[in-house]
Amino acid sequence: MRLTETADVWWKNAVIYCLDVETFFDTDGDGRGDLRGVCQRIDHLAELGVTCLWLMPFYPTPDRDDGYDVTDFYGVDPRLGTHGDLVELIMLARDRGMRVIADLVVNHTSDQHPWFKSARASRQSPYRDWYVWRDEPPPDAEKGVVFPDKEKSLWQYDEQAGQYYLHRFYRYQPDLDIANPEVREEIERVIGFWSAIGLSGFRVDAVPFLLDTSGSQDAADLPDPHDYLRDLRAFLDRRHGQSMLLGEVNLEYPDLRRFFGDEDGDELTMCFDFNLMQRLYLSLARNDPAELVKTLRERPDPPEEAQWGTFVRNHDELTLDKLSDAERQEVFDAFGPDENMQLYGRGLRRRLPPMLGNDPARLRMVYSLLFSLPGTPVLFYGEEIGMGENLAAADRQAVRTPMQWTADPDGGFSTADPSRLPAPMVEGEFGPQNVNVAAQRRDPESLFNWLKLLIVRYRECPELSWGTCTVLDTGVASVFAHRSDHDGGTIVALHNFAPESAEVSVAVAGTGVGVRAVDLLTDGTADVRDDGVLSLDLAPYGCRWLRIVHPGDRYLV
C-alpha cells in the first residue's frame with residue numbers, strides 16, 4: 001500500500017496527544033486552563049509533530065471526578081469556554097494538519113445530570129429506565145469495585161428513588177442502561193452532534209463496563225452487547241467515514257481482540273494495549289526485554305485497517321493489574337517503593353522520568369521503543385518535556401498537574417494565585433524551574449527535541465505503522481531487536497535495556513553484496529556482511545533505528 005493510500009485510515013500512523021484543558025494553559029487568569037489556552041498553544045503541538053489531539057472531558061460537570069461525571073453530553077463547561085471556542089480549536093488544529101478527538105464518557109452520568117434527577121424523582125419518569133435499578137442489591141454487590149478505597153459496593157440506595165442503582169465507578173456516577181434502546185439511540189445522537197461540530201472521533205471510556213448488561217432487567221433483549229458496538233461504529237462511518245473510535249479496553253488479549261470486531265474491523269478502530277504497557281514496565285524493572293518479547297509474540301494482529309494504541313503513560317494510574325502479585329511487587333520495588341507512590345495496590349501514580357531516576361539515556365531509549373513498536377503512539381501532556389508528578393496531590397491527580405511552559409514559579413500556566421490552580425504545581429527537581437517547554441525548545445539535546453526527531457522519523461517510515469513486525473535474535477539478553485517490513489522496505493530497531501554497553505550481531509537481510517544499514521537517528525551507515533549479519537555496539541540504554549538498503553534502492557533519511 002502506498003503512503004498516498006493511507007489518508008482515509010489516518011490513525012494507523014498518527015501521533016496522538018492527550019491533554020486536560022483545565023491544566024494546559026489559562027488565558028483569563030482564573031487559575032483554570034481553557035479552550036482558548038489550547039488554541040494559543042496549538043503551535044507547540046504542531047512543532048512537536050502531533051497529528052491527533054485528544055481532549056479529556058470538557059463537558060459541564062460538578063467536577064468530582066475531574067470531568068468524568070458529566071451533566072450535559074451536548075455542552076461545553078463554561079469555565080473552559082464555549083462551543084465557539086471548541087470550533088475555533090478544531091479549525092486551528094485542522095490548519096496545522098491535526099485532527100481532534102474527545103472523550104466519550106457514556107457508561108454513566110453525574111448524579112446531578114437532569115436525566116438522573118428526573119429518574120430518581122419518579123418511577124413514571126421517562127428517564128427511569130435509562131438507569132439500572134433494583135429493590136435489593138445482588139449477593140455479589142461488592143464484586144468488581146473499581147475504587148476499593150472509596151466504594152464498597154456497586155449498588156447505592158437512593159432515598160428519593162426508593163431503590164438501589166448500579167454504579168461501576170463512584171456512587172455519584174450512576175450507570176446508564178445500555179440495554180435500553182432509547183439510551184443507545186441517545187448515545188448515537190451525542191456522537192452525531194460532536195462529529196457535526198468537527199471532531200474526528202472519540203476515545204471511548206470504560207468500554208467493557210459500557211457493554212456490560214448483566215445488571216439490566218432488559219439484558220435479554222440484547223443478545224450480544226457487541227452488536228451495539230457494531231451499530232455505533234456503523235453509525236459513525238455513515239456520518240463521517242474517516243472518524244475513529246479508540247477504546248479503553250483493559251482485558252487479556254483473547255477477550256480484547258473481540259472489541260476490534262471481525263476481520264473487517266467493524267467495532268473499535270483502535271484499542272489501547274494495556275498488556276504491552278505492563279510487560280514493558282516489568283522488562284524495565286528487570287533490565288531484560290524478555291517479557292516484552294513474549295507479549296509481542298502473543299499479541300493478536302488487529303484487522304488490517306485497525307490499530308493498537310501504544311503508550312508508556314496515560315491520565316489514570318499506571319495500572320499493573322495483569323501482572324502477578326510477585327511481578328507487580330518487582331515493578332513497585334523498582335519504580336514505586338513508597339506506598340504513597342502506589343494506588344489501590346494495583347498501579348503507580350507516577351510519571352516516567354522520576355521512575356527512571358531522570359536518566360536521559362534511559363528515557364530516550366523508552367521513547368524510541370514507543371515510536372518503533374507496532375502500533376500508534378499516544379502521549380500524555382508533559383511527556384515531551386519529561387514532567388514529573390506531585391505526590392502531594394490526591395490519587396490520580398498526582399500526574400494531572402499544570403503544564404510547565406516557562407521557568408516561572410507557576411510554570412507560565414496561569415497568573416492566578418497558586419491556591420486557585422486545579423492542582424498543585426510540581427516542585428523540586430521536576431518543577432518548572434528545571435523542566436519547561438521554553439528551555440527545552442532551545443536545547444538541541446533536550447527530551448523535547450528527541451521526541452521531535454522520533455516523530456519525524458516515525459512518520460517517514462511506513463514500515464513502522466503498516467509493516468509486519470518480527471522479533472530478532474541478538475544473542476544478548478538485555479537487547480531487544482525487531483524488524484518491520486512493508487512494501488519492500490525494512491526498518492530494524494535495537495534497544496539495550498541494560499546500564500552496560502553491549503556488542504550484538506543480528507541477521508538483518510538475506511545474503512548479498514553491498515547491503516547497508518543507514519542510521520535514522522544519527523548520522524552514519526554500517527556495512528552488512530555478505531551473509532546478511534550486522535554487528536554493532538550499543539551504548540548503555542542505547543537505541544538505534546536502521547533502514548536496510550540494498551544496492552539500487554532509493555531511500556530518504
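Which loop holds R171? Read on, and keep in mind that this is a predicted model, where local features need pLDDT of at least 70, side-chain atom pairs count only at pLDDT 80 or more, and totals for chains, interfaces and linings use all residues. Residues are numbered from 1 along each chain as its sequence is written, and side-chain values use heavy atoms, with hydrogens and water left out.

**View 1. The whole chain, with its helices and strands.** You can pick out 16 helices and 22 strands here; these are DSSP runs numbered from the N terminus, with helices being H or I of at least four residues and strands being E of at least two. Of the 557 residues, 61% are buried, where buried means under 20% relative accessible area, exposed means over 50%, and partly exposed is in between (1.4 Å probe, protein chains only). The C-alpha atoms fill a box of roughly 80 × 55 × 50 Å along the principal axes.

**View 2. R171 and its contacts.** R171 sits in the loop between β6 (163-166) and α5 (181-197). Its relative accessibility is 37%, so R171 counts as partly exposed. If you skip the neighbours within four places in sequence, R171 touches K150, E151, Q156 and Y165; a contact means heavy atoms within 4.5 Å. A393 is 222 residues away from R171 along the chain, and their C-alpha atoms are 22 Å apart.

**View 3. Helix α13, tucked into the structure.** This helix covers residues 360-372, and its 13 residues reach 18 Å from first C-alpha to last, close to the 18 Å expected at 1.5 Å a residue. (The expected span is 1.5 Å times one less than the number of residues.) Because 10 of the 13 residues are buried, α13 is largely enclosed by the rest of the structure. Among the buried ones are L363, V366, Y367, L370 and F371.

**View 4. D63, with a positive phi.** Look for D63 in the loop between β2 (52-55) and α3 (83-95). Its phi is near 65 degrees, a positive value in a residue other than glycine. Most residues other than glycine have a negative phi. D63 has a relative accessible area of 26%, so it is partly exposed.

**View 5. Y344, with a positive phi.** Y344 belongs to the loop between β12 (342-343) and β13 (347-348). Phi of Y344 is near 60 degrees, a positive value for a residue that isn't glycine. Is Y344 buried or exposed? At 17% relative accessibility, Y344 counts as buried.
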